[in-house]
Amino acid sequence: MPALEQVECLAQSYPDLPVEVIFKEDLLRRGMAWSGDALEVAANYKRKAYFIFSFDMVPISGMDQGENTRAPEEVRLTGGAFDFKPVIVSVRLNPVSPYCVESDDGALVLKLDGHPIAGVELQHSPAYYARTLANGKPITDIAPTIEWGYLLYLTVFRLCQYFGAQEECRFCDINENYRQQRKAGRPYTSVKSVEEILEALEIIAATDSESKAYTVTGGSITSKLEGKSEIDFYVQYPEAIEKRFPRKWISKVVVQALPRDEVQRLHDAGVQIYHPNYEVWDKNLFETLCAGKARYIGREQWIRRILDAAEVFGPEHVIPNFVAGIEMAGPTGFAAVDEAIASTSEGLDFFMSRGISPRFTTWCPEPLSVLGRDRRGAPLEYHVRLLRAYRDMHAKYSLPAPPGYGNPGLGQAVFSVSSFMDVLPHPSSC
Ligand code: SF4
């Protein structure tokens with residue numbers, strides 16, 4: 001079935017979901033192409049910083065128009081044939097996607113198989129994007145922003161010590177992406193020092209009023225990094241940031257599920273939100289797709305530590321990420337949408353009934369990851385039904401909107417790599 005017809009069919013079948021989020025999920029799972037003219041326009045706006053993974057559906061070597069240095073971080077879709085309310089979508093490059101952004105006399109338009117869908121707005125580069133640190137590193141390497149400027153994304157370790165087929169998560173291209181970015185000549189610091197982070201934040205704090213939160217994250221540390229254990233390495237960043245800028249931003253950390261005493265250290269350092277990313281609920285899939293996590297920590301212990309963390313932070317401040325779609329990928333995934341939805345819904349129920357609200361990143365089948373090599377994501381119907389399951393479970397347990405993501409609701413949400421914030425009610429309608 002042609003792509004537009006698929007979207008329209010699902011919009012008819014699930015009229016309780018805004019059509020904007022059906023397009024958004026489709027864009028996230030298929031990626032988008034850019035015409036040469038549109039790239040010329042986009043190059044004057046805030047560009048893709050490759051804040052952690054590639055989040056592209058082709059490697060840089062397959063980008064004939066230099067899209068990796070010219071395409072924007074995100075687009076805001078508005079108006080058009082479907083009268084879109086504003087919806088922000090992360091740009092995942094795919095030159096053969098049926099979605100293409102084109103320029104019409106400088107005005108950008110999103111088309112699907114040649115049919116105009118919505119107008120495309122871009123975010124201006126913040127003033128600090130032109131700045132460098134004293135050591136010459138661009139601030140876009142050290143402290144880029146995503147979510148339309150809301151979130152400072154501090155990937156302080158751009159590699160992961162889960163390495164190779166037996167350990168690396170099969171959907172993840174962190175190590176391969178690091179290599180391709182360096183090869184392409186992008187300044188891409190593998191381990192950022194505390195001093196570099198503070199210097200970048202000084203510049204941002206002096207010039208910016210858009211950013212409201214920061215995330216400290218990076219790959220897992222299974223042995224030592226610069227002589228430090230995982231907790232010793234990661235806790236030093238929020239400690240230093242909160243000492244220098246107490247509560248200026250909402251503080252978030254994405255690291256593995258750590259023992260309770262180590263989680264307490266994050267909390268004591270001033271971290272407000274903890275993301276011990278769970279990735280996929282099904283037991284077999286967790287063990288297959290997250291082999292390193294399963295081997296070093298184990299599924300049962302991972303779950304127990306999430307529950308322990310909820311006692312330290314409060315359940316609404318523990319937000320494990322699920323990579324939406326990997327449960328239907330490759331030879332090991334569920335073959336039927338019903339089964340995949342039932343499995344992830346069981347996980348949502350498990351956590352939400354305890355006051356913990358997971359969140360999603362819609363899977364981007366990155367060809368540099370094992371699971372993304374065939375570039376086939378989950379069916380759009382899966383993503384649509386997952387959002388409904390999330391929204392309905394969230395309502396069933398009367399949970400608050402997840403903190404640290406800005407306003408929920410269509411037209412308000414800024415989270416760009418999944419529509420989970422777009423489908424929650426706007427605060428004024430609660
Ligand atoms: S733990 Fe898994 S998902 Fe996280 S960076 Fe390492 S390989 Fe990637």
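Predicted model: local features only at pLDDT ≥ 70, side-chain atom pairs only at ≥ 80, totals over all residues.
Residues are numbered from 1 along each chain as its sequence is written. Local features need pLDDT of at least 70 and side-chain atom pairs count only at pLDDT 80 or more, while totals for chains, interfaces and linings use all residues, and side-chain values use heavy atoms, with hydrogens and water left out.

**Helix packing**

Helix H8 spans residues 230–244 and helix H9 residues 260–268; helices are DSSP runs of H or I with at least four residues, strands are runs of E with at least two, and both are numbered from the N terminus. H8 and H9 pack at an angle of about 10°, with their axes 9 Å apart. The axes are lines fitted to C-alpha atoms over the stretch in contact, and angles run from 0 to 180 degrees between N-to-C directions. H8 and H9 are therefore roughly parallel to each other, a term for angles under 35 degrees. Ile231, Asp232 and Val235 of H8 meet Glu262, Arg265 and Leu266 of H9, where contact means heavy atoms within 4.5 Å. By class, these residues are three nonpolar, no polar and three charged. Ala, Val, Leu, Ile, Met, Phe, Trp, Tyr, Cys and Pro count as nonpolar, Asp, Glu, Lys and Arg as charged, and the others, Gly among them, as polar.

**Cavities and pocket**

On a 1 Å grid over the protein atoms alone, a cavity is a set of points where a 1.4 Å probe fits but cannot get out, a pocket is an open set with protein on both sides within 12 Å along at least five of seven lines, and lining residues have an atom within 4 Å of a point. Grid points are joined across faces, edges and corners, and a volume is the space filled by probe spheres set on the points. The structure holds four cavities of 30 Å³ or more.

| Space | Volume | Lining residues by class |
|---|---|---|
| Largest cavity | about 710 Å³ | 23 nonpolar, 12 polar, nine charged |
| Second largest cavity | about 40 Å³ | five nonpolar, two polar, two charged |
| Largest pocket | about 290 Å³ | seven nonpolar, six polar, five charged |

The largest cavity is lined by 44 residues, with Ile52, Phe53, Val254, Asn277 and Glu279 closest to its centre. Elements giving two or more residues to this lining include H8, strand E8 (151–157) and strand E10 (250–254). Among the residues lining the second largest cavity are Lys48, Phe53, Glu73 and Val91.

The largest pocket has 18 lining residues, and Lys48, Ala49, Thr69, Thr140 and Arg186 lie nearest its centre. Helix H4 (67–70) and helix H5 (139–142) each give two or more residues to the lining of this pocket.

Definitions and conventions: Parallel < 35°, antiparallel > 145°, perpendicular 65-115°, else oblique.
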